[in-house]
Amino acid sequence: MDTVSEEEIDLWLPLRPPPPNESPSSSDDEEIIQEIVKEVLAIQGEQFTQDVHYSWEIVGEGRFGVCKKVIVTTNRDPVTVCIKTAKYSQGVNEIPVLQRAKERNITQIVGLHVGKLIGRKAVICMEYMPGGTLKEYVKEGRRLSEETCTAFGKDLFLAVKFLHEEVGVIHGDIHASNVLLDEHRTYVKLADLGSAQAIQEDRPRCFDDIWQIGCVLLFMLNGATSLLFYENDPDEEKRMEAVNPEEHFPPSRSASREVLKLLNLNFGVGRKQLPSAAEILRDATIFNQK
Ligand SMILES: Nc1ncnc2c1ncn2[C@@H]1O[C@H](COP(=O)(O)OP(=O)(O)O)[C@@H](O)[C@H]1O
Ligand SMILES: [Mg+2]
């Protein structure tokens, strides 16, 4: 790793803008994987080449990065992690937010092992989520049960409540490909904090996240992307005017009153503003049933 410079990053907010020069790095991915694996497993240099074997495959390629599933075999049990290599400008904000979630033990956000800025790349080693993305899960042809939608929805509101209230950022890119499932598909975690932005006092865009979670709820309930997902007017009120429950929500004969109440609340039907994540968690009866 002597060809690349490592920058000690400040793991505390406020978030920083990227440096001006974002030319591609010459860092070798293979070297990066080894370096990160050593750090995660606390393996010394010599021991690495003798006792450690690893294999990897690409599990996701988004707009800004590549995610690899890496299986590491040592004389202990094999360890599986996910290593994302992204542009500096993405990771510079993603790493500190994931670090905060880790410190506060927020289980609704994907768990960080190690995050580093290496050369002009951001490298994020995180827990591997074997259940894949919510997008893939729903695509397999299922509309999810109300019970599952409620459980997954609650996970997302808890994640976003933490981001808004404790970190002071909006996620900015919530959709079904950034929601990951556990092996048994019983809970979800919010991933891809690459678009996180500090909440500006004068322009709080928390409603973007709330709106997008609403669209994820509709995606799970209807089994298809909601047209409301494409409504992204920066004016909150204009966006809310576009909501027509008859057209956008599941028909009342197939949805429970509690779920329709949640959707009405989420999309601010009959309200002046979209509620906060905390208000939704408090007021949606479906989240508070025993
Ligand atoms: N921790 C993880 N476990 C399993 N798959 C993941 C994990 N993180 C990301 N992925 C996969 O990689 C894709 C891209 O990752 P993401 O963080 O969303 O990057 P991008 O900014 O490029 O969209 C995801 O949609 C998902 O398919
Ligand atoms: Mg993504």
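## A tour from the helix pair to the ligand

Select helix H5 and helix H6 first: Cys 149, Phe 152, Gly 153, Leu 156, Phe 157, Val 160 and His 164 in H5 meet Cys 206, Asp 209, Ile 213, Val 216, Leu 217, Met 220 and Leu 221 in H6 (contact: C-beta atoms, placed from the backbone, within 7 Å; helices: DSSP runs of H or I, at least four residues, and strands: runs of E, at least two, numbered from the N terminus). This is a predicted model, in which local features need pLDDT of at least 70 and side-chain atom pairs count only at pLDDT 80 or more, while totals for chains, interfaces and linings use all residues. Residues are numbered from 1 along each chain as its sequence is written, with chains lettered from A and ligands numbered from 1 in the order in which they are written.

Display H5 (residues 146-167) with H6 (residues 206-222): they pack at an angle of about 170 degrees, with their axes 10 Å apart (axes are lines fitted to C-alpha atoms over the stretch in contact, and angles run from 0 to 180 degrees between N-to-C directions). H5 is therefore roughly antiparallel to H6 (an angle over 145 degrees).

Leu 112 stands opposite Met 126 in S6. Two residues separate S5 and S6 in a hairpin, and Gly 119 in the turn has a positive phi of about 55 degrees.

Finish at ligand 1, surrounded by 21 residues, of which the closest are Gly 60, Gly 62, Cys 67, Cys 82 and Asp 192 (C-beta atom, placed from the backbone, within 6 Å).

Note on methods: Parallel < 35°, antiparallel > 145°, perpendicular 65-115°, else oblique. Contact = placed C-beta atoms within 7 Å. Pairing = 2+ DSSP bridges.
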